[in-house]
There are 2 protein chains.
Amino acid sequence: MKKGSVTIKDVAERCGVSPSTVSRVISKSPRISKATTERILAVMDELGYYPNAIARSLARNKTGTIGVIMPTTSEEVFLNPFFPEAMRGITKAAAKTDYDILLSSNSEKDEELKVIQNFIRSSKVDGIVLMSSKLNDECIEYLCEINFPFSLIGTPHVHSERVNHVDNDNIMAAYELTQHLRDIGKKKIAMIAGDEQLTMTHDRVNGYKRAIDENNLVFNKDLLFTGSFDEETGNKYGKIIAKLDEQPDAVIITDDLVAFGAVRAFEDLGVRIPDDIAIASFNNSVLSRYSSIPLTSVDVNAVSLGYSSVELLVDAIDNNVRGRKIVVPYTIHRRKSTEILMESRG
Amino acid sequence: MKKGSVTIKDVAERCGVSPSTVSRVISKSPRISKATTERILAVMDELGYYPNAIARSLARNKTGTIGVIMPTTSEEVFLNPFFPEAMRGITKAAAKTDYDILLSSNSEKDEELKVIQNFIRSSKVDGIVLMSSKLNDECIEYLCEINFPFSLIGTPHVHSERVNHVDNDNIMAAYELTQHLRDIGKKKIAMIAGDEQLTMTHDRVNGYKRAIDENNLVFNKDLLFTGSFDEETGNKYGKIIAKLDEQPDAVIITDDLVAFGAVRAFEDLGVRIPDDIAIASFNNSVLSRYSSIPLTSVDVNAVSLGYSSVELLVDAIDNNVRGRKIVVPYTIHRRKSTEILMESRG
DNA sequence: CTGAAAGCGCTTACAG
DNA sequence: CTGAAAGCGCTTACAG
C-alpha cells in the first residue's frame, strides 16, 4: 500500500534531531530530555508516524511474536473443544503481554517439527507454545536440544526438569473419577483412553489403575481401550463394551466427544445409563451438559492451561527460565451419567 | 538463540559468489546458471542456511502473513463453534498458499479497529481476514478507505461492490427454514435472531419475514427477539416465549447454543418439542445432534467460509482484486425438533 | 549469467 | 542529553 509512508527519518528531519533520538523516544529511553521527547511525540502524531515492526525486529533480533503449534492436522484439532478453549487462554495472555500470535498451519499430519523449524530458522518467532505432549516427542526433543524458549501444555515424557510446562494432575483426576464410580457402587470399570502416544493418556491410565488396585477391584486389560478423539472411536468401543460377556458397569472416557459416541452405542443397544453402565468423561464441554444424558465430566480448565502456557513462555524468553512447572486444578462435575442408583429398582 | 547464525553472506563467501547471486537462487530466479545454482544449494545445505524471513520482509516490503481478526472479545468467540470451524478452513487455506497467520488478540471489546490499524501500520501483515460483518462496520470502512487488501466472512452492509466477501445466502436459508416449519403445520413462528449489529441477523430476519408474508402468516414483531450468542439469551427468550398468552408453535433460532438455552427453558416449563413448539436453528454443531432433543439446524459450512476467505484475500493481495463475492451453500439438517406431527395425538 | 551498490526502517554501542 | 556510524539480513534495479 502507501509504502514509503512516514519513517523515523521523516520525523527526525521535521524535528531537527537525529533518527537515533527519535528511536530513543519510541523505546522510551529515559535519557532523552522531556522537552525533546514531547516535541518528537507531537511530530510523530502530526505526521501519523508508526514504527515499522519488521525493521525493528531485524534490528533488535527479536520478533515480539510467539508461535502456537496446533497438534496434528488443524482439521482434527478444531473438532475438540479443548483447543479452542486453550486458544482463548493463549490469546488472552498474549494480549496482556503484548506478544503477537503466529498460528501454525500444518496441513499434514506429523509436520509439526517442520513447522517449528521453519518458524525458528526463519526467525519468525521468539518462542513457541506446544499444545500437546507425546511420548517420544521429537518437537520437545528438538527444542530442548537447541535450547529455544518454549512451553508445553501437558507433561513431558522426558527432560521434564528442563521444559516449562503446565498441566493438570491427570493421574489424580483419573484416580478420583474411578473412586467416584466405585463410590456409586460400580465394580467393573472400563476405560476408553485417548491416543497411546500422548503422555496425558498414560497419566490417566495410571490414575485409573491405581484406584483399581487400592480398591481391590480387578484390573483387566481387556477393559482398557485406546484410540483417537472422535465420536467414531467412542461408538466403536461402546458397542464392543456393550456386547462383552461380562459387561462392565462403568466406563471412564477421555473426552466428551468420544463419550457421546459411546452413549449413542449404549442407547442403540438398550444399555441404560447410569444403571447398567455409568459414564464419566473429561473436558466438560457444553455437550456434556446438553447430551440426552448429561455426563459427569472433568473440567480441565483449558483456558487456564493456555493462559499459563504463555506466561511460562514469556518467562522463558525474557528471563531464560527453564523447567518451571505449573499445575492447573481440575474440577469434577457430577451429572446424571454417574448418578447414585436408587435402592429399589427393577 | 544462536544468533548471527549463517547468513546469505556466509553462503556467498563459501561459494565465491556475491550475495546477490545467492539471493537469486533463493528466490528461484531463472537467470542463474544451473551449475552455480546447484553449487550454491549444496553449500546452503552444508552450512544449514535458512533465509531470514524478517530481513526478506523488510527488503521486499511484503510479510507473507495475513492477519485474522476475531470479532469482539476472544473469550466470547471461542464459545461459538462457528469460529473454530472457520479457523480450520483458514489455516488449511493458509497452509496451501504458504501464508502465515497472525491471530488478533483483542482483549477488549471493540478494539478490533485498533488491532487492525496496528497490524497494518506496523506492517505486520499483507492482508486481513475479517470474521464478521457489522452494520456500520468501522473496520470495513477503514480498510476500504485505505484500500488495504482484505476479505470478509459475511456480507458487507455498504461498499459491497468493493469488498471481497464470502457468505451463505442467509436470506434464503431463513426463508427455507420458515417454509419448513410451515410445511410441518406450524402457523405462528417466532424468531430469536442474533446481535442486531450483524448483517447476518438482518439477512436472516428478512428471509423469515419474506416467508411469513408469502404464506399469509401474520408477522408480529413481538415474536422477534435479538440478542447475543449464548445460552443465557436463549434461555431468557425461551421463558418469555413459553409464557406468552398466545404461544407460538415454532421458533427459529440463530445458533445452536442459543437454541439449547431455549430448549432448557421449554423443558423446564413443560413445553413439548416439537409438538407444542418446534425449533430450528443454525450452525449444525455437534451439540445439535446430541441434545436431549436433536435439533434441526442449518449447516453454514463454516470451514468453507474460512477457506474461501483466504483464497479471496490472496487474490486481493496478489492481483489487487476487489469486490469479488463467493456464495457458500448451506444445508438444512432435519431432526427431531421439527419432526412432522402425527395425525392423532392428545 | 553475475556483481557492486544502495536501500528496506529501525537500533545501539561508542563518543562526546 | 544527543549524534554519526555501523549494522540487522535480505533484495533489486542498474550495469556489464
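Apart from residues up to four places away in sequence, Lys134(A) touches Gln197(A) and Leu198(A), where two residues count as being in contact if their C-beta atoms, placed from the backbone, lie within 7 Å. The structure is a predicted model, in which local features need pLDDT of at least 70 and side-chain atom pairs count only at pLDDT 80 or more, while totals for chains, interfaces and linings use all residues. Residues are numbered from 1 along each chain as its sequence is written, and chains are lettered from A and ligands numbered from 1 in the order in which they are written.

Lys134(A) is placed in the loop between β3 (127-130) and α8 (138-145) of chain A; helices (H or I, at least four residues) and strands (E, at least two) are DSSP runs, numbered from the N terminus. With 22 other C-beta atoms within 10 Å, Lys134(A) is buried, a residue being buried if 20 or more other C-beta atoms lie within 10 Å of its own, exposed if 12 or fewer, and partly exposed in between, with C-beta atoms placed from the backbone. Between Lys134(A) and Asn206(A) there are 72 residues in sequence and 16 Å in space, C-alpha to C-alpha. Lys34(A), by contrast, belongs to helix α3 (residues 34-47) of chain A and counts as exposed, with 7 C-beta neighbours inside 10 Å. Lys34(A) is 106 residues apart from Ile140(A) in sequence and 48 Å apart in space, C-alpha to C-alpha.

On the scale of the chain, domain 1 (1-36), domain 2 (65-168 + 302-330) and domain 3 (170-299) are given for chain A, the bounds coming from an automatic or database domain assignment. The centres of domain 1 of chain A and domain 3 of chain A, taken over C-alpha atoms, are separated by 62 Å.

In the interface, 45 residues of chain A are in contact with 45 residues of chain B. Two or more residues each are given to the side of chain A that touches chain B by α4 (53-60), α5 (74-77), α6 (82-97), β2 (100-103), α12 (256-268) and α13 (286-290) of chain A, and α6(A) gives the most, with 9 residues. This side of chain A has 22 nonpolar, 14 polar and 9 charged residues, where Ala, Val, Leu, Ile, Met, Phe, Trp, Tyr, Cys and Pro count as nonpolar, Asp, Glu, Lys and Arg as charged, and the others, Gly among them, as polar. Because 100% of the interface residues of chain A are also interface residues in chain B, the copies meet through the same surface.

Strand pairing also links the chains, since β2(A) and strand β2 (residues 100-103) of chain B pair in the antiparallel sense over 3 bridges, two strands being paired if DSSP finds at least two bridges between them. Leu102(A) has Leu102(B) as its bridge partner in β2(B). Within chain B, strand β1 (residues 65-69) runs parallel to β2(B) and is joined to it by 4 bridges, with Gly67(B) opposite Leu102(B). In a regular strand the side chains alternate between the two faces of the sheet. In β2(B), Asp100(B) and Leu102(B) point one way and Ile101(B) and Leu103(B) the other, and all are buried.

Around DNA strand C there are 27 residues, of which Thr7(A), Ile8(A), Ser23(A), Asn52(A) and Ala59(A) come nearest; a residue is near a molecule or strand if its C-beta atom, placed from the backbone, lies within 6 Å of it. The elements that give two or more residues to this surface are α2 (19-26) and α4 of chain A together with α2 (19-26) and α4 (53-60) of chain B. Around DNA strand D, the nearest of the 27 residues are Ser20(A), Thr7(B), Ile8(B), Ser23(B) and Ala59(B).

Some backbone features remain to be described. The peptide bond from Ile273(A) to Pro274(A) is cis, with omega near 5°, and Pro274(A) lies in the loop between α12 and β9 (278-282) of chain A. Asn283(B), although not a glycine, has a positive phi of about 100°, and this residue counts as buried, with 24 C-beta neighbours inside 10 Å.
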